[in-house]
Amino acid sequence: MFKSVATALAALVVLGGCNSSTPPAGNASVTAAPAQPVPANATTDPLGTTISGNVALREPMAIGAGARLELKLVDVAQPDVVIAEANENVSGQPPYRFTLNFDPMRIDRTKTYVVNALLFDGDRRFVPALQAPVLTHGAGSTIDITLNAEATPGEKLKEDFGKLKAQIGGMTRIQDAFLDGDLSVAWDGFVSNGQVRFMRVNTELGEGETAQRSNAEYAFLDDKPMVVFKKGTGTRVGWDAEGNLILNERNSGPVSEDEAKSLHNDALKALAMGKTKVPKRK
């Protein structure tokens with residue numbers, strides 16, 4: 001488990017000679033701290049009972065309140081067996097200092113141990129850039145851990161949309177156009193393995209300079225809306241396989257829940273249009 005900030009700072013004073021500060025209310029055990037090296041092999045005890053160090057980010061990034069830092073001491077040969085762990089909310093600018101208590105009786109000096117760190121900030125996860133060995137084979141009990149930011153589910157979906165769009169040249173193209181009163185619609189779509197995967201829909205309501213025009217792109221996966229992109233407003237919304245909204249952005253800010261539902265319905269209508277033109281398999 002984490003020690004209190006006061007304990008962690010006091011330990012660092014002994015080990016590295018740095019200045020301590022008054023801990024905040026609540027005795028949070030992981031705190032933002034100025035970047036500084038952690039002394040290597042700072043204890044005369046070859047094993048000890050605590051591991052201390054800093055967790056930093058490779059690319060500086062603001063971390064929101066309520067972010068969660070997880071630390072686990074594991075044997076690299078059996079990463080599912082946790083020897084010691086800590087889980088604490090963090091805030092402020094990294095790096096975060098930590099101390100982790102462990103039972104030395106559970107350490108086999110012939111094995112290799114690492115501290116696995118994960119930082120969760122909203123839907124973004126930060127993972128170790130490299131493994132952080134400790135305790136055995138001369139690794140010592142003080143470490144610096146650097147984390148890399150992973151793409152969020154929404155960012156991954158946006159990337160998948162771009163990849164799909166780049167592939168439509170190799171798909172079967174379908175198209176149609178029609179008039180419905182003052183509404184003019186022209187669209188083309190792209191089919192792969194008998195399924196509509198991508199559609200481009202242009203609409204025009206009215207005539208002349210007062211006409212309202214829109215251009216939208218739709219991506220589908222397994223006959224379900226995947227992403228809707230409306231060019232004029234920079235709107236991008238997308239859903240996972242269960243229909244959860246995971247991508248929501250627009251030039252003027254995220255769309256509302258009702259707008260997202262309306263765009264989802266527009267995607268279903270576009271999909272229905274496209275299905276009427278899908279070539280029948282022989």
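What is the mean pLDDT of the protein chain, and what share of its residues reach 70 or more? Then, on the helix itself: which residues of α2 are buried, and what covers them?

A: Confidence comes before detail. This is a predicted model. The protein chain has a mean pLDDT of 82. Of its residues, 83% reach 70 or more. Two stretches need caution. Over residues 1-28, pLDDT stays under 50. The model still has 44 contacts beyond four places in sequence for that stretch. Over residues 31-45, pLDDT again stays under 50. Here the contacts beyond four places in sequence number 38.

Helix α2 covers residues 153-166. The helix has 14 residues. From first C-alpha to last, α2 reaches 20 Å. That is close to the 20 Å expected at 1.5 Å a residue.

Its buried residues are Gly-154, Leu-157, Phe-161 and Leu-164. They cover an arc of only 80° around the axis, so they sit on the same side of α2. What lies over them? The cover includes strands β12 (195-205), β13, β14 (224-230), β15 (235-239) and β16 (245-249).

Lys-165 forms a salt bridge with Glu-217. Their closest N and O atoms are 3.0 Å apart. Lys-165 belongs to α2, while Glu-217 belongs to strand β13 (residues 212-221), so the bridge ties together parts that are 52 residues apart in sequence. The two partners can be compared by accessibility. Lys-165 is partly exposed, at 33% relative accessible area. Glu-217 is buried, at 2%.

Other salt bridges follow. Lys-158, Arg-236 and Glu-249 are linked in a network of salt bridges. Arg-213 pairs with Glu-204, with the closest N and O atoms 3.3 Å apart. Arg-213 is exposed, at 53% relative accessible area. Glu-204 is partly exposed, at 27%.

A further pair stays inside one helix. Lys-261 and Glu-257 meet in a salt bridge, 3.6 Å from N to O. Both lie in helix α3 (residues 257-275). They are four residues apart, about one turn of the helix. Lys-261 is partly exposed, at 48% relative accessibility. Glu-257 is exposed, with a relative accessible area of 59%. Across the model, the count comes to 15 salt bridges, taking a Lys or Arg side-chain nitrogen within 4 Å of an Asp or Glu carboxyl oxygen.

Next, the loops around those strands. Most residues other than glycine have a negative phi, and most peptide bonds are trans.

Asp-223 is in the loop between β13 and β14. Asp-223 is not a glycine, yet has a positive phi of about 60°. Its side of the picture is partly exposed: the relative accessible area of Asp-223 is 33%.

Asn-193 sits in the loop between β11 (183-192) and β12. Asn-193 also has a positive phi, about 55°, although it is not a glycine. Asn-193 counts as exposed, at 68% relative accessibility.

The peptide bond is elsewhere in the chain. A cis bond joins Pro-94 and Pro-95, with omega about 10°. Pro-95 lies in the loop between β4 (78-90) and β5 (96-101).

Ala-177 is in strand β10 (residues 172-180). Ala-177 is exposed, with a relative accessible area of 52%. Leaving aside neighbours within four places in sequence, Ala-177 is in contact with Val-185 and Ala-186. The C-alpha atoms of Ala-177 and Asp-188 are separated by 8.7 Å. Those two residues are eleven apart along the chain.

Note on methods:
Residues are numbered from 1 along each chain as its sequence is written. Side-chain values use heavy atoms; hydrogens and water are left out. Helices (H or I, at least four residues) and strands (E, at least two) are DSSP runs, numbered from the N terminus. Buried means under 20% relative accessible area, exposed over 50%, partly exposed in between (1.4 Å probe, protein chains only). The expected span of a helix is 1.5 Å times one less than its number of residues. The arc is that of the directions from the helix axis to the C-beta atoms. Contact means heavy atoms within 4.5 Å. pLDDT is the predictor's confidence in each residue, from 0 to 100.
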